[in-house]
Amino acid sequence: MAVIQYGEKEITYKIQKKKIKNLYIQIQNGEVIVKVPYRMKDNTIQEFVQKKAKWIAENLKKEKQKPQEEITPQKIENLKNTIQMATQKYTNQLKVYPNKIRIKNIKYAWGSCSSNRNITINAKLANKSKEAIEYVVLHELCHLKEMNHSKKFWDLVEGCMSDYKVYRKELR
Ligand SMILES: [Zn+2]
């Protein structure tokens, strides 16, 4: 994550190196992603982002005002697939196995984990990024080992997904 200053505001952005010729900025779920060619220098990137600061700030604001996006059957299908893949990946790493995973509309959380090892994932995640969904699955699976939010719990999460904080931000 990198930061630029825009007036009183700080804008954080994520850099993704890609096999592309020109850099471009994407705003996705309140996150600023700057896609850059592999060899571009950090200060060149920063200069570019700084020049676009006004545009970024305006678009971030616009996105916040957008009404809740609709959840389509296709999005639910994608959500199911992502959950399945993430479950496979992280149960292997953590050696923990949930009883059942279901998708439901829940009100106050993105996911939950019960003492009988059932995991519920919020259907509204269908509108979030793949990484954010993976993070929620991982979070709930870690609760099968640690039923709290202790340091041990967060170490477990971080051990499987070193940049989880980026995706957790998307879910605020
Ligand atoms: Zn939790």
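This note sets out numbered points on the fold of a single chain, as seen in a predicted model.

1. Overall composition. The chain contains six helices and seven strands. Read from the N terminus, these elements follow the order β-β-β-β-α-α-α-β-β-β-α-α-α. The C-alpha trace spans about 55 × 35 × 30 Å along its principal axes.

2. Burial and contacts. Of the 172 residues in the chain, 23% are buried. Among contacts with a sequence separation of 6 or more, 50% are made by residues 24 or more positions apart.

3. The four-stranded sheet. An open sheet is formed by four strands in the order E1-E2-E4-E3, and its pairing is mixed. E1 and strand E3 (24-28) are the edge strands, each of which pairs on one side only. From one strand to the next, the twist averages 35 degrees. The student may wish to trace this order in the structure before reading the next two points.

4. Strand E1 (residues 2-6) pairs with strand E2 (residues 9-18) in the antiparallel sense, over five bridges. One of the residues involved is Val 3, whose bridge partner in E2 is Thr 12.

5. The pairing of E2 with E4. E2 and E4 run parallel and are joined by six bridges. Lys 14 has Ile 33 as its bridge partner in E4.

6. H1 lies across E1, E2, E3 and E4 and runs at about 35 degrees to E1. Helix H2 (residues 53-65) also packs on the sheet, where it touches E1, E2, E3 and E4. The direction of H2 makes about 20 degrees with that of E3.

7. The surroundings of Met 40. Where in the chain is Met 40 placed? Met 40 belongs to the loop between strand E4 (31-37) and helix H1 (42-51). Is Met 40 to be called buried, exposed or partly exposed? Met 40 has 16 C-beta neighbours inside 10 Å and therefore counts as partly exposed, since a buried residue needs 20 or more and an exposed one has 12 or fewer. Leaving aside residues up to four places away in sequence, Met 40 touches Leu 23 and Ile 45. Leu 23 and Met 40 are 17 residues apart in sequence, and their C-alpha atoms are 8.9 Å apart in space.

8. The packing of H3 and H4. Two packed helices are described by the angle between their axes and the distance between the axes. For helix H3 (residues 73-94) and helix H4 (residues 130-143), the angle is about 45 degrees and the axes are 9 Å apart. H3 is therefore oblique to H4. The crossing in which H3 passes H4 is right-handed.

9. The residues between H3 and H4. On the H3 side, the contact is made by Leu 79, Thr 82, Ile 83, Ala 86, Thr 87, Tyr 90, Thr 91 and Leu 94. On the H4 side, the contact is made by Lys 130, Ile 133, Glu 134, Val 137, Leu 138, Leu 141 and Cys 142. How many of the residues in this contact are nonpolar, polar and charged? The contact of H3 with H4 comprises ten nonpolar, three polar and two charged residues.

Methods. Residues are numbered from 1 along each chain as its sequence is written. This is a predicted model: local features need pLDDT of at least 70, side-chain atom pairs count only at pLDDT 80 or more; totals for chains, interfaces and linings use all residues. Axes are lines fitted to C-alpha atoms, for helices over the stretch in contact, and angles run from 0 to 180 degrees between N-to-C directions. Helices (H or I, at least four residues) and strands (E, at least two) are DSSP runs, numbered from the N terminus. Angles under 35 degrees count as roughly parallel, over 145 as roughly antiparallel, 65 to 115 as roughly perpendicular and the rest as oblique. A crossing is left-handed if the near helix is turned anticlockwise from the far one by less than a right angle, and right-handed if clockwise. Two residues are in contact if their C-beta atoms, placed from the backbone, lie within 7 Å. Ala, Val, Leu, Ile, Met, Phe, Trp, Tyr, Cys and Pro count as nonpolar, Asp, Glu, Lys and Arg as charged, and the others, Gly among them, as polar. Two strands pair if DSSP finds at least two bridges between them.
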